Amino acid sequence: MPQLSTRHLLGTKDLTETDIQLILETATQFKDVINRPIKKVPSLRDVTIANVFFENSTRTRLSFELAEKRLSADVINFSASGSSVKKGETLLDTVNNILAMKVDMIVMRHSSPGAPHYLSSRIPANVVNAGDGTHEHPTQALLDSFSMREKLGDLAGKRVAIIGDITHSRVALSNIFCLQKQGAEVMVCGPTTLIPKYMNSLGVRIGHDVREALAWCDVANVLRIQLERQQIKYFPSLREYSLYYGISRQMLDELDRPIVLMHPGPINRGVELTSDAADSPHSIILDQVQNGVAVRMAVLYLLAQER
Ligand code: CP
C-alpha cells in the first residue's frame with residue numbers, strides 16, 4: 001500500500017509531489033464514503049485523536065472532528081481558553097498530559113509559527129498542523145487543491161491568483177508550495193505592504209492590480225484582511241482597501257472567460273468580497289468546506305498507517 005513520506009503533516013513545504021497526489025486520490029475515495037447513506041468507516045477504530053486548539057476556529061476544528069468521527073476514531077477536544085494554559089502550563093506539558101491519556105495523534109492550531117514543528121520533535125504522537133500563526137495551514141491548501149481539481153482537472157499549467165493579505169496568511173504560503181508542486185502558476189496580489197519581500201524568492205508572480213489578477217487567472221483564491229494579527233496600519237482604512245481590492249460579482253461576470261472564486265473563510269463580506277460575489281455561481285466556497293472533511297479523513301488515515 002502506498003504511504004506518505006512523513007509521519008507528521010507540518011506543512012505542504014515538506015510534502016513530495018507523490019504525497020500530494022496520494023492524499024488527493026485518497027480524499028476522492030473518502031468523498032464517496034461521506035456521500036453514502038452510511039458515512040462511517042472503521043479505519044481508525046483503535047486510534048485516539050486530540051484536537052488541541054490554542055486559537056479560534058470554526059471550519060478547521062469542526063472539519064477535523066467530523067473527519068475523525070467518520071473514520072471511527074475516539075476524539076477529545078481541547079481549547080486553550082478555559083484550560084490550565086491560563087494558569088501558566090507550557091505547551092509541551094499540556095500536550096504531554098494529553099498524551100498520558102493514551103492519545104495517538106495531535107491536531108493542533110497555535111498562534112506561534114513553528115509550534116507544531118517544535119512539538120513533533122519532542123513527542124511520540126503524529127502531529128497535524130491545523131494552522132500555525134502566519135506560517136502554514138497545510139490541510140487548507142490540500143482541500144483548496146482538491147476543490148480546484150474538481151472544477152479544472154489536473155492543475156499543471158493552471159493559473160491561481162491569491163489575492164489579499166498575503167503577509168499575515170498561512171493559507172497563502174501552504175497554497176504556494178502545494179500548487180507549485182502540482183505544476184500550477186501562482187500570482188500573489190495585494191497592496192505592497194501586505195506582500196512580504198520573501199515572496200520574490202518563491203517563484204510567484206507579484207501583482208498589485210486586482211483587475212489584472214482576475215484577467216490573468218483561472219482561480220482567484222481571496223483572503224481576508226487579518227486585522228487581529230496587524231499591530232500597525234498596513235493601509236489607510238478598510239473602506240479604501242475594499243475600494244481598490246474588493247471583488248464584486250460584476251467584476252467576475254465581466255471577465256471574458258470562466259473564473260473559479262475561492263475563499264478559505266471566514267469571509268469579511270463587503271471588504272474583500274461583496275456578498276453577490278461570494279454567493280455567485282463563480283464561487284465554490286462551500287464546496288471547499290465540504291471537501292475539507294474528505295481531505296482531512298485522507299490525511300489522518302494515511303498518517304495512521306505510519307504509526
Ligand atoms: N479556513 C479556516 O482555517 O477557517 P477557521 O479559522 O474557521 O478554521
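Trainee: Why is Gly-265 called partly exposed?

Mentor: This is a predicted model, and in it Gly-265 has a relative accessible area of 22%. Buried means under 20% and exposed means over 50%, so at 22% Gly-265 falls in between and is called partly exposed. Gly-265 sits in the loop between strand 9 (260-262) and helix 10 (275-278).

Trainee: What makes Arg-109 buried or exposed?

Mentor: Its relative accessible area is 6%. The limit for buried is under 20%, so Arg-109 counts as buried. Arg-109 belongs to strand 3 (residues 105-110). Beyond four places in sequence, its contacts include Phe-53, Glu-55, Thr-60, His-137 and Arg-170.

Trainee: And why is Glu-65 called buried?

Mentor: Glu-65 has a relative accessible area of 17%, and buried means under 20%, so the label is buried. Glu-65 lies in helix 2 (residues 59-70). Leaving out residues up to four places away in sequence, Glu-65 touches Asn-51, Val-75 and Asn-77.

Trainee: How do you know whether Ser-201 is buried or exposed?

Mentor: Ser-201 has 60% relative accessibility. Exposed means over 50%, so Ser-201 counts as exposed. You will find Ser-201 in the loop between strand 6 (185-189) and strand 7 (205-207). Its C-alpha atom is separated by 23 Å from that of Arg-224, a residue 23 places apart from Ser-201 along the chain.

Trainee: Which residues does UniProt list under "binding site"?

Mentor: The unreviewed UniProt entry gives Arg-59, Thr-60, Arg-109, His-137, Gln-140, Gly-265 and Pro-266. From this set, Arg-59, Thr-60 and Gln-140 are part of the lining of the largest cavity.

Trainee: What is the handedness of the crossing between helix 5 and helix 11?

Mentor: That crossing is right-handed. The axes of helix 5 (residues 138-152) and helix 11 (residues 285-304) come within 8 Å and cross at roughly 115 degrees. On the helix 5 side, the contact includes Gln-140, Leu-143, Phe-146 and Glu-150, while helix 11 brings residues including Asp-287, Asn-291, Val-295 and Arg-296.

Trainee: What makes up that contact by class?

Mentor: There are 5 nonpolar, 6 polar and 4 charged residues.

Notes:
Residues numbered from 1 in each chain as written. Predicted model: local features only at pLDDT ≥ 70, side-chain atom pairs only at ≥ 80, totals over all residues. Heavy atoms only, no water. Axes fitted to C-alpha atoms, helices over the stretch in contact; angles between N-to-C directions. Helix = DSSP H or I, 4+ residues; strand = E, 2+ residues; numbered from the N terminus. Left-handed = near helix turned anticlockwise from the far one by under 90°. Contact = heavy atoms within 4.5 Å. Nonpolar A, V, L, I, M, F, W, Y, C, P; charged D, E, K, R; others polar. UniProt positions renumbered as here; feature names shortened; annotations may be inferred. 1 Å grid on protein atoms, 1.4 Å probe; cavity = no way out; pocket = protein on both sides within 12 Å on 5 of 7 lines; lining within 4 Å. Buried < 20%, exposed > 50% of the residue type's maximum accessible area, 1.4 Å probe, protein only.
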